[in-house]
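The sequence and the model are shown first, and a description by region follows.

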Amino acid sequence: REAIGRFGRSAPVALLAAQLHQESHWRADAQSPYAQGLAQFTPATAAWIPEVCTDLGAPNVWDARWSIRAQACYMRHLHRQLPDTATSCDRWAMALSAYNGGFGWLNRDRALASAKGADRSRWFDHVEHHSKRAAWAIRENREYPRRILLTLEPLYLAAGWPGSTTCTGT
């Protein structure tokens, strides 16, 4: 509750739950070649997050409580860094892309989209189609917000998790 409370009344609980589902299938012991724990933080990100989320304490990716609090705080931080988006759906899609692939890459992708004539304030059918990352990274990063927002979040909402539909008609 305290982690979600950071968002205020409009806490996207179903969205954050969908993200944890995508990251680790709710397994606190999940491990990939790059990241660990429930929220799948890289060691560098886990070490850095307490600088932004000062009440988290020492990083512990294996502690589900710490991971949920860190994920919610980090998503709030990313969301706040993106006020210049066309819609709430675009903003959350970009925040999810940044969580998955890094804020620097998102900024480069937005600049490239703009240079190619696409709208840098829109994710779907605009920024999502522009990147100079490796092909595997593009695939993973583009499927990430799409699966969370369009497939998993609606399932969590239908199951009664709090929140509202982030993206409609996309």
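## Ser97, a buried residue

Ser97 has a relative accessibility of 0% and therefore counts as buried, since the cut-off for that class is under 20%. The model in which this value was computed is a predicted one. Ser97 belongs to helix 5.

Setting aside residues up to four places away in sequence, Ser97 touches Gly102, Leu106, Trp123, Arg133, Asn141, Arg142 and Pro145. With one of these, Asn141, there is a polar contact between the two side chains, at 2.7 Å. Ser97 also lies 9.5 Å from Glu140, C-alpha to C-alpha, although 43 residues separate the two in sequence.

Just after the helix, Gly102 adopts a positive phi of about 105°.

## Asp90 and its contacts

A second residue of helix 5 to consider is Asp90. Its relative accessibility is 4%, so Asp90 counts as buried under the 20% cut-off. A polar atom of the Asp90 side chain lies 2.8 Å from the backbone nitrogen of Trp123.

Not counting residues up to four places away in sequence, Asp90 touches Thr85, Ser121, Arg122, Trp123 and Phe124. Trp123 is also among the residues that Ser97 touches.

## Helix 4 against helix 5

The axes of helix 4 and helix 5 come within 9 Å and cross at roughly 120°. The two helices are therefore oblique to each other. Their crossing is right-handed. On the helix 4 side the contact is made by Gln71, Tyr74, Met75, Leu78, His79 and Arg80, and on the helix 5 side by Arg91, Trp92, Ala95, Leu96, Ala98 and Tyr99.

Gln71, which has its place in helix 4, is buried, with a relative accessible area of 1%. Apart from neighbours within four places in sequence, Gln71 is in contact with Leu16, Gln19, Leu20, Ala39, Phe41 and Tyr99.

Helix 2 and helix 4 have axes that come within 11 Å and cross at roughly 115°. This crossing is right-handed. Leu16, Gln19 and Leu20 of helix 2 make the contact with Ile68, Gln71, Ala72 and Met75 of helix 4. Gln71 and Met75 also take part in the contact of helix 4 with helix 5.

The axes of helix 2 and helix 7 come within 8 Å and cross at roughly 120°. At that angle the pair is therefore oblique, and the crossing is right-handed. Helix 2 contributes Ala14, Leu15, Ala17, Ala18, Gln19, His21, Gln22 and Glu23, which meet Tyr144, Arg147, Ile148, Leu149, Leu152, Glu153, Tyr156 and Leu157 of helix 7.

## Positive phi in two loops

Which residues other than glycine take a positive phi of about 65° or near 65°? One is Trp26, with a positive phi of about 65°. Trp26 has its place in the loop between helix 2 and helix 3 (43-52). It counts as partly exposed, at 34% relative accessibility.

Asp125 is another residue other than glycine with a positive phi, near 65°. Asp125 is found in the loop between helix 6 and helix 7. With a relative accessible area of 57%, Asp125 is exposed, because the cut-off for that class is over 50%.

Methods
Residues numbered from 1 in each chain as written. Predicted model: local features only at pLDDT ≥ 70, side-chain atom pairs only at ≥ 80, totals over all residues. Heavy atoms only, no water. Helix = DSSP H or I, 4+ residues; strand = E, 2+ residues; numbered from the N terminus. Axes fitted to C-alpha atoms, helices over the stretch in contact; angles between N-to-C directions. Parallel < 35°, antiparallel > 145°, perpendicular 65-115°, else oblique. Left-handed = near helix turned anticlockwise from the far one by under 90°. Contact = heavy atoms within 4.5 Å. Buried < 20%, exposed > 50% of the residue type's maximum accessible area, 1.4 Å probe, protein only. Polar contact = N/O pair within 3.5 Å; in protein donor to acceptor, adjacent residues only side chain to side chain.
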